[in-house]
Amino acid sequence: MVDNKQIVISPSILSADFTRLGEELQAVQAAGADWIHVDVMDGHFVPNITIGPMIVEAVKRACDLPLDVHLMISDPDRYLEAFHAAGADILTVHPEATYHLHRTLTRIRELGMKSGAALNPSTGPEAVEHVMAELDVVMVMMVNPGFGGQSFIPTMLPKIRRLRDMIDRSTYKVLIEVDGGVSPANARDLVEHGADVFVAGSAVFGHPPYDKVIAELRDGKQR
Ligand code: DX5
Ligand code: ZN
């Protein structure tokens, strides 16, 4: 189960110092981050309000990494083009926030992006079972979305395993991304349950040197 696969590290800028965002992005890029995770919140689907396409466009100019844009917004279909134009490479929506997930994922790919679906803690793996063909990434929320720095909900671990089994039994190459409360302390557990991609905000930003914490997150793959 746990092999030598390289875990993809996607630092969430939600916990970055926004007065120095360009420097923060350069620092995590130099430290070996693979993607940059951008949390978009609308104050409706989740209680918090954060970033829109304008900041995504600035992030795109400030680093060379793929932008992993997590839409925590109601009716995300209205904004797929805008985030594509802003530079999103992977665009993830919540099935709870869209009536026609298959159509939304198809449209994301049509625009030339990788497609993602993020599952709230109360949403089961079956929410994506019939859209695997349209999916590049399934994101397991380890917290209720809305804020950085929350504690990991351990009862989400079996969901990762269920998705791992579902994907491994299929012919589809869907990555499993975990988001919320990810830290070096639980990294190994997450990998052993089948995670491929780690989002980490508060465990990375504010904890320099970033190469050290990114290495500690990756060490989770070692027995
Ligand atoms: C939570 C966001 C996360 C958040 C993770 O709603 O989707 O991406 O930034 O932050 P940490 O790693 O601090 O839990
Ligand atoms: Zn996120």
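1. The protein's secondary structure comes to eight helices and eight strands. Both are DSSP runs numbered from the N terminus: helices are H or I with at least four residues, strands are E with at least two. The radius of gyration is 16 Å, close to the 17 Å that the globule rule gives for 223 residues, so the protein is as compact as a globular protein of that length. (The radius is taken over C-alpha atoms; the rule is 2.2 Å times the number of residues to the power 0.38.) Along its principal axes the C-alpha trace spans about 40 × 40 × 30 Å.

2. Some ground rules. This is a predicted model, where local features need pLDDT of at least 70, side-chain atom pairs count only at pLDDT 80 or more, and totals for chains, interfaces and linings use all residues. Residues are numbered from 1 along each chain as its sequence is written, chains are lettered from A and ligands numbered from 1 in the order in which they are written, and side-chain values use heavy atoms, with hydrogens and water left out.

3. Now the ligand. Ligand 1 has 20 residues around it, each with a heavy atom within 4 Å. Asp 39, Gly 146, Asp 179, Gly 181 and Ser 202 come nearest. By class, this shell holds eight nonpolar, 10 polar and two charged residues. Gly counts as polar here; Asp, Glu, Lys and Arg count as charged.

4. Which elements give two or more residues to the shell around ligand 1? They are β2 (36–41), β3 (67–72) and β8 (197–200). β2 gives the most, with three residues.

5. Look at the N and O atom pairs next. A polar side-chain atom of Asp 39 lies 2.8 Å from an oxygen atom of ligand 1. For His 37, the distance from a polar side-chain atom to a ligand oxygen atom is 3.2 Å. Gly 146 uses its backbone: a polar atom there is 2.7 Å from an oxygen atom of ligand 1. The protein covers 100% of the 380 Å² of accessible area that ligand 1 has on its own (Shrake-Rupley method, 1.4 Å probe).

6. Two backbone details deserve a check. The peptide bond from Pro 208 to Pro 209 is cis, with omega near 0°. Pro 209 is in the loop between β8 and α8 (210–218). Asp 75 has a positive phi, near 50°, in a residue other than glycine. Asp 75 is found in the loop between β3 and α3 (80–86).

Conventions. A polar contact is a pair of N or O atoms within 3.5 Å; within protein, one must be able to donate a hydrogen and the other to accept it, and residues adjacent in sequence count only if both atoms are side-chain atoms.
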